[in-house]
Amino acid sequence: MSRIGAALIGAMLQASKNTQEWSSLASSVTISERQSKADMKDISFLGLPPELRLRIYEHALRFESTLQRPVRPNAWCVFDGYVANVALLSTSKLIHKEAKDAFYEVNKFNVSYNTICYCENQYPYPPLEQRLGVVRVTNFFPRIEEAQICNFCYASGYGLLEHLIDMPKLRRASIVFEDIFNFADYTPELLQELATEHTTDLSSNEVGTVQVLGLKIQLSLELPALQGAWSALARGEKARHARHGVPAENTMRRALEYLRFEANTYDRTAVTLLPFFVADNAQETRVLRTGGIATDSKMRADFTIALAGVMNDIFADEGGSDSVTWAEIEGKKECRRWEFCEKTKAERQARIEGFIYEDDD
Ligand SMILES: [Zn+2]
């Protein structure tokens, strides 16, 4: 069997995940039974029309999982540890040339910032592949104190944003911060830089993500640590999140739990956190609500940025707390800045979590 034949069969097996699409495609390339055996000898893959070859590439090289680059620069693997079968790409120069665009266009890619920043890394992978359509840059941590700052770290990481915006095929990008300190320090700065060049707006579906609207790509800034910790505290999903946590999530969750402890035990909270919670003394038990986020998506984005900043300030001194000014919770019935409680009683009830303790009276 020829190399192309073997690679194609591998690719077809790979594509068999998309059985329905594949079978419709396969039927369109099935040779008519009426065709003579002599004719069949003349059929080769490269003899197919280019458009048909392109469709085959798109099916054969499409992977459901996000692909990430492992140690070998030219290999891509799926998140569960299996190396993606891209053998088709190395069958011939022509096929490589034709198929590579399709491969980059139809897949989602995950790239660690550590592999592209070349401030210290002497052997970085080539910069972000120009043909990528969807990319997620994880471990975002721009260096600012190196003697030589790389193009991506330039202007506190704004270099990466500029690079992404200029990528010709890019449709969607996420920049994932795993550390609350980076997120709190850099996000306002990056947004400010963006605002000098572009007219942007913010949006968010949940705490921990910020979508930047108005650019030619869809750009999200993510803080999964905050997202995970917040939902764990707000919705009591600790066990579920504990198993699939991101690196900084445990720190973040401990931080929130520490604040809950302060609230429950001493009836106080950091002054700077008051805008994020709602204390309600009208009921028999006093409740400081963390659950629920603003219904307005712009406000949710602002909320994420502001909360990350406040948490950052509180924990920057390792919880020591001379820098934290505490405030009594009692009597703080509502918060004007984040009105989380504009809900029916039933909806509220579903959201109330934590910060509950029995009143002494
Ligand atoms: Zn760098």
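**Before selecting anything**

Residues are numbered from 1 along each chain as its sequence is written. Because the model is predicted, local features need pLDDT of at least 70 and side-chain atom pairs count only at pLDDT 80 or more, while totals for chains, interfaces and linings use all residues.

**The whole chain**

Begin with the protein chain in cartoon view, where the secondary structure comes to 13 helices and 13 strands; helices (H or I, at least four residues) and strands (E, at least two) are DSSP runs, numbered from the N terminus. Of its 361 residues, 32% count as buried, a residue being buried if 20 or more other C-beta atoms lie within 10 Å of its own, exposed if 12 or fewer, and partly exposed in between, with C-beta atoms placed from the backbone. Among contacts in the protein chain between residues at least 6 apart in sequence, 69% join residues at least 24 apart, where two residues are in contact if their C-beta atoms, placed from the backbone, lie within 7 Å.

Select β4 (134–138) next; four of its five residues are buried, so β4 is largely enclosed by the rest of the structure. On one pairing, strand β3 (residues 108–112) runs parallel to β4 and is joined to it by five bridges, with S112 standing opposite T138; two strands pair if DSSP finds at least two bridges between them. β4 also pairs in the parallel sense with strand β5 (residues 172–176), over four bridges, and there V134 stands opposite R172 while V135 has A173 as its bridge partner. From β5, move on to strand β8 (residues 218–222), which runs parallel to β5 and is joined to it by five bridges; S174 has S220 as its bridge partner in β8.

**Strands β6 and β7**

Now select strand β7 (residues 209–213), four of whose five residues are buried, so that β7 is largely enclosed by the rest of the structure. Strand β6 (residues 201–203) pairs with β7 in the antiparallel sense over three bridges, and S203 stands opposite Q211. These two strands form a hairpin with five residues between them, and G208 in the turn has a positive phi of about 105°. β7 and β8 also run antiparallel, joined by four bridges, with V210 partnered by L221; in their hairpin, which has four residues between the strands, G214 takes a positive phi near 105°.

**Helix α8**

Select residues 180–197, the 18 residues of helix α8, which reaches 26 Å from its first C-alpha to its last, close to the 26 Å expected at 1.5 Å a residue; that expected span is 1.5 Å times one less than the number of residues. A kink of about 35° lies at Y186, shortly before the proline P188, the bend at a residue being the angle between axes fitted to the seven residues ending there and the seven starting there. Buried residues of α8 include I180, F183, A184, Y186 and L190.

**The nonpolar cores**

Of the 52 residues in the largest nonpolar core, V135, V137, I180, L226, M252 and A308 touch the most other members; such a core is a set of buried Ala, Val, Leu, Ile, Met, Phe, Trp, Tyr and Cys residues joined through C-beta atoms within 7 Å. Helix α12 (residues 297–315) gives the most to this core, with six residues. Centre on A308, which, leaving aside its neighbours within four places in sequence, is in contact with I180, F183, A184, L223 and L226. Apart from this core lies another, of 14 residues, among them F63, L67, W76 and I95.

Most residues other than glycine have a negative phi. A155 counts as partly exposed because it has 15 C-beta neighbours inside 10 Å, and S156 counts as partly exposed with 18.

Finish at Y118, in the loop between α6 (113–116) and β4, which counts as partly exposed because it has 17 C-beta neighbours inside 10 Å. The C-alpha atoms of Y118 and Q148 are separated by 9.2 Å, although the two residues are 30 apart along the chain.
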